[in-house]
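Let's take a guided walk through a protein model together. Keep the picture beside you and look up each residue as we reach it.

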Amino acid sequence: MSTFADSLNFVSKLTPKRVLNISKILSSYYYTRFTKKPVQWGLPMTVSIEPTTACNLRCPECPSGLRSFTRDTGNLKLDFFTKTIDEIADELLYLIFYFQGEPYINPKFLDMVKHASDKGLYTITSTNGHFLNKENAIKTIESGLDRMIISVDGTTQETYESYRKGGKLDVVLQGARNMVKWKKEMNSKTPHLIFQFLVVKPNEHQIDEIYKIADEIGIDEVKLKTAQIYNYEDGNDLIPTISKYSRYHKTASGKYTVKHKLDNHCWKLWHACVITWDGLVVPCCFDKDALHKLGDLKKMSFKELWQAKPYQNFRKLLLGGRDKIDICKNCTEGCKVWA
């Protein structure tokens, strides 16, 4: 499926209600930037929901991989998922089945995707690719999933496992081949298949090779992603030497800082949110341990929560200075509209 075809597929999900909602979000976002007052019209157009916090790998910059959460590990329940999504589906456009963990570990994952697809939502997931056997490949295509991101952070086993601890590159590449094969066999245009290459120092010399492998397999697109490093101030072995692939730069003092200026506004806080497997709503994907809980969907509806005082207070806090919020200090993404 070409990038153009994927774009057409996305546009096909737009409805008058969703277009109206997007216009409300944009209007309130720019009104807020102008007035410096936290005004929010509409509902989110993008929601990330967490199928599970469990993972089969042990990646060094991932709380799931490090088993370092203070919050509980568990699986999203199908009945809770359908109730939550049904409330906001008319306005929602993107539904991302990922936050922490490996989605395919949840046995009901593809049932949830099917439900969302039936609601006309553009559905996305991100996977480490170790569960894409023939059966899951066929079920994934049948679910109607629109986009699949497969993490392939190296083109040799040695390089790949330097970050994807416990991973097997040959299993991932075979899983990708399974997806390509069964898309053709089932005459399906979806999902749009993406190899995501997290650029770190150990793999930066293999960037050209990942494009060749993706082309050989029949993957639709390759995306290079910069890595968020938790302890970057004194340098880190994962920080790339190629500057354009690094979120950080070295100062005259020898310390490292985030490259981009922290502007006191955030598009993500107006158009998106994250829902954890157990129903907590947090501002964005940088709050991996759910430290900034803005509400609990087991206790109130989403529409109530979205306009409630905790959410408004957090938006107000952000307008006063992103550098004062821990999860914002290491973020270079939130300011961009359509990020």
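We will begin with the sheet, then turn to the helices, the nonpolar cores and a few single residues.

First, some ground rules: this is a predicted model, in which local features need pLDDT of at least 70 and side-chain atom pairs count only at pLDDT 80 or more, while totals for chains, interfaces and linings use all residues. Residues are numbered from 1 along each chain as its sequence is written, and side-chain values use heavy atoms, with hydrogens and water left out.

The names of the elements come from DSSP runs numbered from the N terminus: helices are H or I runs of at least four residues, and strands are E runs of at least two. Two strands pair if DSSP finds at least two bridges between them. In what order do the strands of the open sheet lie? The nine strands follow the order β6-β5-β4-β3-β2-β1-β9-β10-β11, and their pairing is mixed. At the edges stand β6 (221–226) and β11 (295–296); each has a single partner strand, so one side of each is left without a neighbour in the sheet.

Now find β1 (46–49). Strand β1 runs parallel to β2, joined by three bridges, and Val-47 has Leu-95 of β2 as its bridge partner. Four bridges join β1 to β9, again in parallel, and there Thr-46 is partnered with Ala-272.

Where do the side chains of β1 point? In a regular strand the side chains alternate between the two faces of the sheet. Here Thr-46 and Ser-48 point one way, Val-47 and Ile-49 point the other way, and all are buried. Buried means under 20% relative accessible area, exposed means over 50%, and partly exposed is in between (1.4 Å probe, protein chains only).

To describe their directions, axes are lines fitted to C-alpha atoms, for helices over the stretch in contact, and angles run from 0 to 180 degrees between N-to-C directions. Contact means heavy atoms within 4.5 Å. Helix α4 (residues 78–88) lies across β1, β2 (94–97) and β9 (272–275), running at about 160° to β2. Helix α8 lies across β4 and β5 (192–199), at about 160° to β5.

Helix α8 (residues 169–185) also meets helix α9 (residues 207–217): their axes come within 10 Å and cross at roughly 40°. That makes α8 oblique to α9; angles under 35 degrees count as roughly parallel, over 145 as roughly antiparallel, 65 to 115 as roughly perpendicular and the rest as oblique. Leu-173, Ala-176, Arg-177 and Val-180 of α8 make the contact with Ile-213, Glu-216 and Ile-217 of α9.

Helix α6 (residues 134–143) has Asn-136, Ala-137, Ile-138, Thr-140, Ile-141 and Ser-143 as its buried residues. These pack against α5 (109–118), β4 and α8. After α6 comes Gly-144, with a positive phi near 90°.

What about the inside of the protein? In soluble globular proteins, nonpolar side chains tend to be buried together. A nonpolar core is a set of buried Ala, Val, Leu, Ile, Met, Phe, Trp, Tyr and Cys residues joined through side-chain atoms within 4.5 Å. The largest such core has 93 residues, of which Phe-81, Leu-95, Phe-97, Phe-195 and Phe-302 touch the most other members. The largest share of this core, seven residues, comes from α8. A second, separate core of five residues includes Phe-99, Val-274, Leu-280 and Val-282.

Is Ser-28 buried or exposed? Ser-28, in helix α2 (residues 16–35), is buried, with a relative accessible area of 0%. Asn-178 sits in helix α8 and is buried too, at 14%. Leaving aside neighbours within four places in sequence, Asn-178 is in contact with Leu-132, Asn-133, Lys-134 and Ala-137. Asn-187, by contrast, is found in the loop between α8 and β5 and is exposed, with a relative accessible area of 72%. Although Asn-187 and Ile-141 are 46 residues apart in sequence, their C-alpha atoms are 9.9 Å apart in space.
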